[in-house]
Amino acid sequence: MSNVRFALVGCGRISRNHFESLVRLEGAELSAVCDIVPERAQAAGDEYGVPWFTSYEEMLRVAACDAVIIATPSGLHPQHGVLAARAGKHVITEKPMAISLAGADALVQACDDAGVRLFVVKQNRLNPPMLLLKRALDQGRFGRIYTANCTVRWTRPQEYYDQAPWRGTWEFDGGAFMNQASHYVDLMQWLLGPVESVMAKTATLARRIESEDTGAALMRFRSGAIGVMEVTMLTYPKNLEGSITILGERGTVRVGGTAVNKVEHWQFADYSDDDKLVESASTNPPNVYGFGHEIYYRNVLAVLAGKAQPDTDGRAGRKSLELILGIYESARTGRDVPLPLVSVAR
Ligand SMILES: NC(=O)c1ccc[n+]([C@@H]2O[C@H](COP(=O)([O-])OP(=O)(O)OC[C@H]3O[C@@H](n4cnc5c(N)ncnc54)[C@H](O)[C@@H]3O)[C@@H](O)[C@H]2O)c1
């Protein structure tokens, strides 16, 4: 079978994770790159020996590709994804898939209409401890869940936000919940959801950005369990913690490290062979993005070969976006916001 050809738009920070995954994976190849900054497009094109473009429309018109990877600023994901779908390409979009439900819905609709696949990159779900934890939940090992806590104590200095004008803006990015901690919001709802309602406070305490650098959210899950999230990008002097703790009737688990990569506590009333895997699942990823892009692509390739269902498709991506928008709505209005959202102001 011939390789799946991937073209990428947005040759910025995260693009390297995609490039390096494609280089390593059998059955996949990078076939073109695009960035509006010519030096970035050219540097990536030269490094990987593929044609480079500064016009996305032109790349879609002339480049040979089966799928397009969208790694542009978050607020542009829907428009870039819709164009790719209309050109008959499968879409792999970086998280978040959009920063409004209208954008997410337009993207899902365009992919459905064109009969192409839509993948939203949520690689943290694939961290080995997260897969073990999800399996323990699915097997009912916790019994009834009482509480869940998620803490993201990371550091993003002002220079990080100043690197690109879209960072920290409401139009193209959002804040700590929408960008840096969006994987964690996703994990909370994937592991424990659906969420019935959410209350939140957010603040811009230290960075010169429009959106929040810090916040806390309190959620009630439909199961009755209570969840708490504490998120900040202001930890001194470096990333301290990205953790999830779940307390149930018959089990307690805490996965910590800087990016839910280390099982710190694993205790259940009943034995399972999975318990033996806990130690080997605690591995340090090279950075807070985790190992997951390459593993993520294995699923993409399997789906495109008709051998698997998507790990996270557009509808899965939309669920965590809805929770983030609920957090923002509560922070803005001071109200307890029921989910699903009926109307979204932002
Ligand atoms: N999965 C993850 O863990 C993870 C990690 C980091 C970033 N991301 C996501 O990836 C996306 C990009 O983040 P980043 O940190 O790489 O940002 P970045 O600013 O470093 O890169 C974005 C690139 O897109 C280019 N661009 C902007 N508009 C364009 C257009 N119209 N056409 C072509 N190129 C255009 C910019 O010139 C820039 O090079 C964001 O949505 C972010 O949330 C995901």
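How many bridges join strand 4 to strand 5, and do these strands run parallel or antiparallel? Strand 4 (residues 67-70) and strand 5 (residues 90-93) run parallel and are joined by four bridges. Within this pair, isoleucine 70 has threonine 93 of strand 5 as its bridge partner. Helices (H or I, at least four residues) and strands (E, at least two) are here DSSP runs, numbered from the N terminus, and two strands pair if DSSP finds at least two bridges between them.

The model is predicted: local features need pLDDT of at least 70, side-chain atom pairs count only at pLDDT 80 or more, and totals for chains, interfaces and linings use all residues. Residues are numbered from 1 along each chain as its sequence is written.

The protein as a whole contains 11 helices and 14 strands. Its radius of gyration is 20 Å, close to the 20 Å that the globule rule gives for 346 residues, so the protein is as compact as a globular protein of that length. The radius is taken over C-alpha atoms, and the globule rule is 2.2 Å times the number of residues to the power 0.38. Along the principal axes, the C-alpha atoms fill a box of roughly 55 × 45 × 40 Å. Of the 346 residues, 49% count as buried; a residue is buried if 20 or more other C-beta atoms lie within 10 Å of its own, exposed if 12 or fewer, and partly exposed in between, with C-beta atoms placed from the backbone. Among contacts between residues at least 6 apart in sequence, 67% join residues at least 24 apart. A contact requires that the C-beta atoms of two residues, placed from the backbone, lie within 7 Å.

The chain is divided into domain 1 (4-120) and domain 2 (125-268 + 320-338), with bounds that come from an automatic or database domain assignment. The C-alpha centres of the two domains lie 27 Å apart. Where they meet, 11 residues of domain 1 are in contact with 12 residues of domain 2. The side of domain 1 that touches domain 2 has eight nonpolar, two polar and one charged residues. In this classification Ala, Val, Leu, Ile, Met, Phe, Trp, Tyr, Cys and Pro count as nonpolar, Asp, Glu, Lys and Arg as charged, and the others, Gly among them, as polar.

Helix 1 (residues 15-24) has Ser15, Asn17, His18, Phe19, Ser21 and Leu22 among its buried residues. The buried residues of helix 1 pack against strand 1 (4-9), strand 2 (28-34), helix 2 (38-48), strand 4 and helix 10 (292-304).

The ligand is surrounded by 24 residues, the closest being Gly10, Gly12, Arg13, Ile14 and Glu94. A residue is counted as near if its C-beta atom, placed from the backbone, lies within 6 Å of the molecule. The shell around the ligand has 13 nonpolar, six polar and five charged residues.

A second open sheet is formed by eight strands in the order 13-12-11-7-10-9-8-14, with mixed pairing. Strand 13 (262-268) and strand 14 (337-338) stand at its edges with a single partner strand each, so one side of each is left without a neighbour in the sheet. Strand 7 (residues 145-153) runs antiparallel to strand 11 (residues 241-248), with eight bridges between them; asparagine 149 is there the bridge partner of threonine 245. Strand 11 also pairs in the antiparallel sense with strand 12 (residues 251-256), over four bridges. These two strands form a hairpin with two residues between them, and isoleucine 246 stands opposite valine 253.

Further along this sheet, strand 8 (residues 195-203) and strand 9 (residues 214-221) pair in the antiparallel sense over eight bridges. Valine 198 has methionine 219 as its bridge partner, and threonine 202 has glycine 215.

Serine 320 lies in helix 11 (residues 314-333). Why does serine 320 count as buried? Serine 320 has 26 C-beta neighbours inside 10 Å and therefore counts as buried. Leaving aside neighbours within four places in sequence, serine 320 is in contact with Ser182, Val185, Asp186 and Gln189. Serine 320 and proline 194 are 126 residues apart in sequence, and their C-alpha atoms are 9.8 Å apart in space.
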